[in-house]
Amino acid sequence: MVLLTSKEAKEDVIAGLESGADDYLTKPFDAEELKARLRTGLRNPRPRKRLVEAREEMRFKAFA
């Protein structure tokens, strides 16, 4: 999850990241920077791992 906000204070960034955001962007944002951050996020295996785990859990429940 990417958090896009106008709040720039360091405590806001920390609060956003600690609340579950994977990245934090402030407005106005640069479109090229956003694209680069999204590509970086796609390289992160953690979200894919969560999807695989969720799929396996649903498969288990479906046959239980």
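Me: A salt bridge is a side-chain nitrogen of Lys or Arg within 4 Å of a carboxyl oxygen of Asp or Glu. What makes Asp23 and Arg37 a salt bridge?

Reply: The closest N and O atoms of Asp23 and Arg37 are 2.6 Å apart, and the limit is 4 Å, so the pair qualifies. This is a predicted model, in which local features need pLDDT of at least 70 and side-chain atom pairs count only at pLDDT 80 or more, while totals for chains, interfaces and linings use all residues. Residues are numbered from 1 along each chain as its sequence is written, and side-chain values use heavy atoms, with hydrogens and water left out.

Me: Which elements hold Asp23 and Arg37?

Reply: Asp23 is in strand β2 (residues 23–26) and Arg37 in helix α2 (residues 31–43), so the pair links distant parts of the chain, 14 residues apart. Helices (H or I, at least four residues) and strands (E, at least two) are DSSP runs, numbered from the N terminus. Asp23 and Arg37 also belong to a network of salt bridges with Glu33.

Me: Why is Asp23 called buried, and why is Arg37 called partly exposed?

Reply: Buried means under 20% relative accessible area, exposed over 50%, and partly exposed in between (1.4 Å probe, protein chains only). Asp23 has 17%, so it is buried. Arg37 has 32%, so Arg37 is partly exposed.

Me: How do you know that Lys35 pairs with Glu32?

Reply: Their closest N and O atoms are 3.4 Å apart, which falls within the 4 Å limit. Lys35 and Glu32 both lie in helix α2, three residues apart, about one turn of the helix. At 43% relative accessible area, Lys35 is partly exposed.

Me: What makes Arg55 and Glu56 a salt bridge, and how exposed are the two residues?

Reply: The N to O distance is 3.1 Å, again within 4 Å. Arg55 has a relative accessible area of 42% and Glu56 one of 36%; both values lie between 20% and 50%, so both residues are partly exposed. The structure holds six salt bridges, including this one.

Me: How does the radius of gyration of the chain stand against that of a compact globule?

Reply: The chain has 16 Å, whereas a compact globule of 64 residues would have a radius near 11 Å. The radius is taken over C-alpha atoms, and the globule rule is 2.2 Å times the number of residues to the power 0.38. The C-alpha atoms fill a box of roughly 50 × 25 × 15 Å along the principal axes. Of the 64 residues, 9% count as buried.
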